[in-house]
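Open the model in your viewer and keep the selection panel at hand. The tour goes stop by stop.

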Amino acid sequence: MARIPGVAIIWFALAGVGLVGTWWFNVAFVLESGGADYFGAWFANAATSSASVDLLVVAVAAAIFMIVEGARLGWAKWVWALVVLSAVTAIAFTFPLFLALRAVSLSRRAAPPVE
């Protein structure tokens, strides 16, 4: 069995940090405000507006990359699940997860067959 490449381990770790880190603050926001005007809070001031636009542009670019690269890798039927999951979890989780799965897949394709 092929080893998991080191870079994939880093991507998996970042996916975990992305999921826990974003949801820590999402839950805190809901507990503090009852979840009222969540998307309005994204644009509450110039600093959050800048971060929100930055995140949205990166999220769209990542989604396009995941769809195109996923199709190239033969994942066209399920890669859409990661794009949808991005909207309900966090792109900070799904994009590193995609990159980890991609690294594992590319490593296995490059590895010589085991006899």
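**Stop 1: the largest pocket**

Start at the largest pocket, which holds about 830 Å³ of space. This is a predicted model, so treat each stop as a view of a prediction.

Now colour by helix. Two or more lining residues come from each of helix 1 (6-33), helix 2 (38-42), helix 3, helix 4 (79-88) and helix 5. Helix 1 gives the largest share of the lining, 8 residues.

Next, colour the lining by residue type. The lining of the largest pocket has 20 nonpolar residues, 8 polar and no charged.

**Stop 2: helix 1**

Select residues 6-33, which make up helix 1. Helix 1 has 28 residues. Draw a distance from its first C-alpha to its last: helix 1 reaches 41 Å, close to the 40 Å expected at 1.5 Å a residue.

Which residues of helix 1 are buried? Show A8, A15, G18 and N26.

Step just past the end of helix 1 to G34. Here the backbone takes a positive phi of about 75°.

**Stop 3: helix 3**

Move on to residues 46-72, helix 3. Helix 3 has 27 residues. From first C-alpha to last, helix 3 reaches 39 Å, close to the 39 Å expected at 1.5 Å a residue.

Show the buried residues of helix 3: S52, A59, A62, A63, M66, E69 and G70. Against what do they pack? Bring up helix 2, helix 4 and helix 5, the partners of these buried residues.

**Stop 4**

Keep E69 on screen. Side chains of opposite charge can pair when their charged atoms come close. The salt bridge count comes to 2.

The side chains of R72 and E69 form a salt bridge at 2.6 Å, N to O. Both residues lie in helix 3, 3 residues apart, about one turn of the helix.

E69 counts as buried because its relative accessibility is 8%, under the 20% cut-off.

R102, at 24% relative accessibility, counts as partly exposed. Show the three side chains together: salt bridges that share partners join E69, R72 and R102 into one network.

**Stop 5: T94**

Stay in helix 5 and select T94. T94 counts as buried because its relative accessibility is 0%.

What does T94 touch? Leaving out residues up to four places away in sequence, show M66, L82, L85, S86 and T89. Two of these names have come up before.

Note on methods. Residues numbered from 1 in each chain as written. Predicted model: local features only at pLDDT ≥ 70, side-chain atom pairs only at ≥ 80, totals over all residues. Heavy atoms only, no water. Salt bridge = Lys/Arg side-chain N within 4 Å of Asp/Glu carboxyl O. Helix = DSSP H or I, 4+ residues; strand = E, 2+ residues; numbered from the N terminus. Buried < 20%, exposed > 50% of the residue type's maximum accessible area, 1.4 Å probe, protein only. 1 Å grid on protein atoms, 1.4 Å probe; cavity = no way out; pocket = protein on both sides within 12 Å on 5 of 7 lines; lining within 4 Å. Points joined across faces, edges and corners; volume = space filled by probe spheres on them. Nonpolar A, V, L, I, M, F, W, Y, C, P; charged D, E, K, R; others polar. Expected span 1.5 Å × (residues − 1). Contact = heavy atoms within 4.5 Å.
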